[in-house]
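Reader: I am new to this structure. Please show me how to read it.

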Amino acid sequence: MRPTLLLVHGFPQDATLWDGTAAELRDRADVITPDLRGFGSDDREVPSVLSMDMLARDLADLLDQRGVHRAVIGGLSMGGYVALAFAERWPQRVQALVLCNTRSTADPDEVRQARSATAETAFTKGTALIARGMMPKLLSASTRRERPGLATRVEAMMARQRPASVAAAALGMAARPDRTAVLQGLQAPVLIITGEADELMPLPTSEAMRAAAADARLVVIPGAGHLSNMERPDAFHRAVRDFLNELSRAT
Ligand code: MLT
């Protein structure tokens, strides 16, 4: 049966992160790429702390609206935190997980403090400043050199997000628990993808998730940084396509 592939964007991004991926994989799956609450064109109300659990609940509601019970749930970075929150609450709805450039652990104290500062900055100085500050760590040096247009597009995507949403998601990420046990207990296959040059999620974070999950494979994309699907689309899409093929052979 044709799977549903629900792809969740990262912070502070929107669904356009997945435009190329949705176009590329549409022949293989029903691909859904929502804007998370408060991001992109989504104008739902955002509480002062936007928890990963609330975002996961929104995804469950979206699947309900579409009449989809089980799906392959994928997420990049913050999207991966949301995918893990979804898997914790609705494991039976997870056909498989695709965890991209993310981690299952909680934030250490210093990162939590930095998130509070980010939330403050969003309101006082605006999201363009946050976008500018994040850029050096989002794309690999080779991507920045070879594809300056991509860097411009990514920065603009982040700069246009609303301050209240950016602040609330930063605080929501800070409050998320360690969800490594979710991976340990999950009875579904897991694909972990990361970029070999991802400075925000260095390789050991992906290796730890692979070791924790009962049924996981890890693909490290050469030349990619944190936004592996945008930076090295061919290798990224091949990895997801191979995984979907593997899933369909197993069912
Ligand atoms: C993201 O890309 O979603 C963020 O880098 C995640 C984070 O800040 O932990």
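Author: Begin with helix H10 (residues 203–212), which lies across E4, E5 and E6 and runs at about 160 degrees to E6. Helices (H or I, at least four residues) and strands (E, at least two) are DSSP runs, numbered from the N terminus. Angles run from 0 to 180 degrees between N-to-C directions, and axes are lines fitted to C-alpha atoms, for helices over the stretch in contact. Contact means heavy atoms within 4.5 Å. This is a predicted model, where local features need pLDDT of at least 70 and side-chain atom pairs count only at pLDDT 80 or more, while totals for chains, interfaces and linings use all residues. Residues are numbered from 1 along each chain as its sequence is written, and side-chain values use heavy atoms, with hydrogens and water left out.

Reader: In what order do the six strands of the open sheet come?

Author: Two strands pair if DSSP finds at least two bridges between them. Here the order is E2-E1-E3-E4-E5-E6, with parallel pairing. Strand E2 (30–32) and strand E6 (216–221) are the edges, each pairing on one side only. From one strand to the next the twist averages 15 degrees.

Reader: Which strands does H3 touch?

Author: H3 packs on the sheet against strand E1 (4–8), strand E3 (71–76) and E4, and its direction makes about 155 degrees with that of E4.

Reader: How do the axes of helix H5 and helix H7 cross?

Author: The axes of H5 (residues 127–138) and H7 (residues 148–159) come within 8 Å and cross at roughly 140 degrees. Residues making the contact include Met135 of H5 and Val154 of H7.
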